Amino acid sequence: MQTQSNLRGIVAMLLAVGFFSLMDGGLKQLAGHYPPMQVAALRGLSGLPLVVAWVLATGTVVGLLKIRWRLHLLRAGLSIMMLSAFAFALKQMPMTSAYAIFFVAPLLITALSVPMLGEHVGPRRWAAIAVGLVGVLVVLRPTGEGLFGWAGLAVVAAAAGYSLSAIMVRVLHRTDSSQSMVFWMLAMTAVGASLLALPGWVPLRLADAWVIAGVGVTGFLGQVAITEAFRSGEASVVAPFEYSALAWGLGLDLMIWGVLPDGWTFFGAGIIVASGLYMVHRERVLGRRRAA
């Protein structure tokens, strides 16, 4: 029975990664024509109608008001920062390179869980975090011809924002529903980013309408799929398949933009992914020990 559940979780994760990668491809396309903050606003605005329909369909409207407002506002601020920083980076670098750096996020989540959640992280996992950060330095190469610059630092900032947001989800999950977390994040992101983008707002092109709609649909489907992935399968089994985003990024870079990262980027990405996989392995081992 657990094997079948894990299989459903793996399939759902692969679908989620595919949807999110297509969404990021749309964000990259939009970033070529609009300011980063406006791209963040379009991400929130395009997905909001679908989330509203989801909330109405699940009959959870009443629960939307019983939330921890301060934490939701803080999470929305992190979302605006993360989306605008990531859009800024995508405009200037291949998706594969951005993903390679962004994969440091699971390592940062583990590190932040110590001061923010009071969790224990042993020396082996701290070593994996350190090795993963070395991988980020390999990709950025501050002293060479790497991605070190505003774009590379923007991805690091986006990964840090995502990590803090993920920690907050674990805190909010104790009291707030999944629907309220998704709804308010998108609603506050849409309103906040739109207000910040208003002074430099660029009129939307009719040719981009399908891209904006695609960002909304794929972002929503990705959220549904990743929720199903972690609901169905064990986190230690499902999580490693998030790294399939590298294949999606590589394919989209080649097919749409005709670019490829250099060998050092792939090498650094390999170090980061290996560190992340080791973290998942250690979590599974510790989980078995706790269960025993």
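This is a predicted model: local features need pLDDT of at least 70, side-chain atom pairs count only at pLDDT 80 or more; totals for chains, interfaces and linings use all residues.
I number residues from 1 along each chain as its sequence is written. Local features need pLDDT of at least 70, side-chain atom pairs count only at pLDDT 80 or more, totals for chains, interfaces and linings use all residues, and side-chain values use heavy atoms, with hydrogens and water left out.

**Cavity.** I found 1 cavity of 30 Å³ or more. The largest cavity holds about 60 Å³, a volume being the space filled by probe spheres set on points joined across faces, edges and corners. Its lining includes Arg43, Met185 and Phe220. H2, H8 and H9 each give two or more residues to this lining, and H9 has the largest share, with 4. Helices here are DSSP runs (H or I, at least four residues), numbered from the N terminus.

**Pocket.** I then turned to open sets with protein on both sides within 12 Å along at least five of seven lines, which is what a pocket means here. The second largest pocket has about 210 Å³ of space. Of its 13 lining residues, Leu22, Gly25, Gly26, Trp210 and Val211 lie nearest the centre. Helices H1 (2-31), H9 (209-232) and H11 (245-257) each supply at least two lining residues.

**Gln179.** I placed Gln179 in helix H8 (residues 178-197). Gln179 counts as buried because its relative accessibility is 15%, and buried means under 20% relative accessible area (1.4 Å probe, protein chains only). Leaving aside neighbours within four places in sequence, Gln179 is in contact with Trp54, Val55, Thr58, Thr60 and Leu64 (heavy atoms within 4.5 Å).

How values were computed
Buried means under 20% relative accessible area, exposed over 50%, partly exposed in between (1.4 Å probe, protein chains only). On a 1 Å grid over the protein atoms alone, a cavity is a set of points where a 1.4 Å probe fits but cannot get out, and a pocket is an open set with protein on both sides within 12 Å along at least five of seven lines; lining residues have an atom within 4 Å of a point.
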